[in-house]
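Dear colleague,

Here is the structure I promised to pass on to you. Below it I have set out what was found, beginning with the contact between its parts.

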Amino acid sequence: MEKLIVTGGTKLEGRIKVSGAKNAVLPIIAASLLAEGECHLQDIPQLADVDTITQVIKSIGVKVSTTGNKDLVLNAGELTSSEPPEEWVRKMRASFLVMGPLLARLGHARISMPGGCNIGSRPIDLHLKGLTALGADIQMSHGIIECSAKKLVGSRVYLDFPSVGATENIMMAASRAEGTTVIENAAEEPEIVDLANFINGMGGRVYGAGTNIIRIEGVPRLKGANHTVIPDRIEAGTYMIMAAAAGGDVLVENVISDHLKPAMAKLAETGVTIDEEDSGVRVRSRGRGDAIDVKTLPYPGFPTDMQAQMMAYLTTARGTSVVTETVFENRFMHVNELRRMGSNIVIEGHSAVVKGVSRLTGAPVKASDLRAGAALIIAGLVAEGKTEICSIHHIDRGYEDLVVKLTGIGVDIKRKVYPDEVEK
Ligand code: EPU
């Protein structure tokens, strides 16, 4: 078993560079299936989730290569199957993003149903509602979803919730449908805009991405394109919260500060000094901040993917904070682990009431999901003594070179292998 060992008490100082965005690159790799030509993608983070989606597309005939410089060259000219193997699909929910492109390209896709996960049941009804509106016939049996369509025809789709994945799947399928599709109440996340830019680079016609109404005029063919992925706003926000919690002076580089407005606004409310500089966002903090209330919402609201990290920071704030989760039904798995470290948190429905304590103490804890894992590192930074985090494969899904990057700004963090211990 591998663990991360964090020793608390150090102030953070220096520069830390953000990688390409995981949640942009996953749909973009899926969208490369739409093109008959070669796609060159730059700023690809080396992450377990990126490996998984790459295996998924390889398994259906995409030729994948790299020049070894954070890039991927993908050629989906000859697809050999519309049925990616279950072993890869079940590893990651985002694998389901190949459904829309496969349907558009081959008129058929057979994919195992993505399971629930540690942050909630995460249904796919809105993906299927959109694909059905475009003319797909959908059959579900024995945990497999089979989608077929002789041809896809543009339509009007209203999403009951602005789901990121549903918006992406529908956008990709619609980009090669006949006629125009309008997605109403679409997700507005920056990753949606990045995907739309990639599709348009391939010759697609997607308008309005970044607003809640997206219009897609279908085209018969898409060609290969070059694309550089946007920086990861959640990774950036995580480092900003680390600097706020531990105290110090950190410049977070390679960011689009517009994407970080919600995080910057809430951190400033806690008393941290945030400056937008030419080369990044600078965070200066004395450590313990003021309590604040935080409510997660779809973009441009405060991101659910930063909720756990923010809560970890607020465990030692002066006063009582209320953290409300509205995007996922069950994203408080980190609370029990934070309690083991001495925090005072009570869950009331969709809210967590966090009474700030003057100090946390290091403890053995478990990462239940990616962002919960990041939250435990933040708690470890402000805790007395050592925090041992297990199940760190979750953290590897979304933070590239984490130990090296954090060590560079003064975090005392080590990765250790425990050959005699097994993951429970
Ligand atoms: N939902 C439905 N029906 C659907 C789809 C979603 O009810 O058909 C519900 C979900 O159950 C959830 C809410 O809508 O309650 C939001 O889900 P959404 O579809 O927006 O999320 P996603 O596309 O599955 C992406 C990110 C997540 C991030 C969410 C919300 C990727 C690969 N994943 O997931 O990222 O939390 O959007 O912003 O883009 C992470 O990086 O740690 C992560 C979990």
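Lysine 70 and glutamate 400 form a salt bridge, with their closest N and O atoms 2.7 Å apart; the term stands for a side-chain nitrogen of Lys or Arg within 4 Å of a carboxyl oxygen of Asp or Glu. Please bear in mind that this is a predicted model, in which local features need pLDDT of at least 70 and side-chain atom pairs count only at pLDDT 80 or more, while totals for chains, interfaces and linings use all residues. Residues are numbered from 1 along each chain as its sequence is written, and side-chain values use heavy atoms, with hydrogens and water left out.

The protein chain is divided into domain 1 (2–19 + 231–417) and domain 2 (22–228), with bounds that come from an automatic or database domain assignment. Their centres, taken over C-alpha atoms, are separated by 30 Å. To the contact (heavy atoms within 4.5 Å) domain 1 gives 24 residues and domain 2 gives 21 residues.

Between them the two domains bury about 1,800 Å², of which 51% is on carbon and sulfur atoms; buried area here is the accessible area (1.4 Å probe) that two parts lose on being put together, summed over both. On the side of domain 1, the residues that lose the most area to domain 2 are Tyr299, Arg397 and Glu400, which together make up 32% of what that side buries.

Across this interface the rule finds three salt bridges. The elements that give two or more residues to the side of domain 1 that touches domain 2 are α12 (370–382) and α13 (393–396), where helices are DSSP runs (H or I, at least four residues) and strands are DSSP runs (E, at least two), numbered from the N terminus.

**Two helices elsewhere**

Threonine 52 lies in helix α2 (residues 48–58) and counts as buried because its relative accessibility is 7%; buried means under 20% relative accessible area, exposed over 50%, and partly exposed in between (1.4 Å probe, protein chains only). Not counting residues up to four places away in sequence, threonine 52 touches Trp88, Lys91, Met92 and Ser95.

In helix α9 (residues 261–269), the buried residues are Pro262, Ala263, Met264, Lys266 and Leu267, and they pack against α8 (233–246), β15 (273–277), β16 (280–285), β17 (294–295) and α10 (307–314). Glycine 271 follows α9 and has a positive phi, near 105 degrees.

With best wishes
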